[in-house]
Amino acid sequence: MNTSAHPALRAVSVNPNTLHTARETAALLRISMSHLRRLRLDGADAFVFHALSSLETYDQLTQPGGGFDQLADCIAAGKARFGGISSHSPDVLIAAIEAG
């Protein structure tokens, strides 16, 4: 996990390629939020699933109750303003763009 406490942008990025279940993703999001609290930040401007390298991992994150649902809950609770991904895989990027 990488956090930036720059006053202009507070961002959290995590590598989801080691996550296998919605439970693991939920644990990672809780840990990320606890890191923000330790930095005395209420939330992040951006939370990014970084280096998303496979469609399989992307599909896991998009399942009901998966990482994107959990991230949407964080955004709704005001813990993050924006959520997204970074990837070098054209297939993952196309799937994300098509999903909106």
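A: Buried means under 20% relative accessible area, exposed means over 50%, and partly exposed lies in between (1.4 Å probe, protein chains only). This is a predicted model, where local features need pLDDT of at least 70 and side-chain atom pairs count only at pLDDT 80 or more, while totals for chains, interfaces and linings use all residues. Residues are numbered from 1 along each chain as its sequence is written, and side-chain values use heavy atoms, without hydrogens and water.

Q: Which residues of helix α2 are buried?
A: Thr57, Tyr58 and Leu61 are buried in α2, which spans residues 55–62. Helices here are DSSP runs of H or I with at least four residues, strands are runs of E with at least two, and both are numbered from the N terminus.

Q: Why are the buried residues of α2 said to line one face?
A: Look down the axis of α2. Its buried residues fall within an arc of 100 degrees, so they line one face of the helix. The arc is taken from the directions that run from the helix axis to the C-beta atoms. An α-helix has 3.6 residues a turn, so residues three or four places apart point the same way.

Q: Why is Ala46 called buried?
A: Its relative accessibility is 18%, so Ala46 counts as buried. Ala46 sits in strand β3, residues 44–49. Ser13 is 33 residues from Ala46 in sequence, yet their C-alpha atoms are 8.1 Å apart.

Q: What makes the pair of Phe49 and Phe68 edge-to-face?
A: A search of the whole structure finds three aromatic pairs. In this one, the ring centres of Phe49 and Phe68 are 5.4 Å apart and the planes meet at 80 degrees, so the pair is edge-to-face. Rings of Phe, Tyr and Trp (its six-membered ring) pair if their centres lie within 6.5 Å; planes under 30 degrees apart are stacked, over 60 edge-to-face, and the rest tilted.

Q: Where in the chain do Phe49 and Phe68 lie?
A: Phe49 is in strand β3 and Phe68 is in helix α3, residues 67–76. They are 19 residues apart, and the pair links distant parts of the chain.

Q: Are Phe49 and Phe68 buried or partly exposed?
A: Phe49 has 0% relative accessibility, so Phe49 counts as buried. Phe68 has a relative accessible area of 23%, so Phe68 is partly exposed.

Q: Which residues do ring pairs link into a cluster?
A: Phe47, Phe49, Tyr58 and Phe68.
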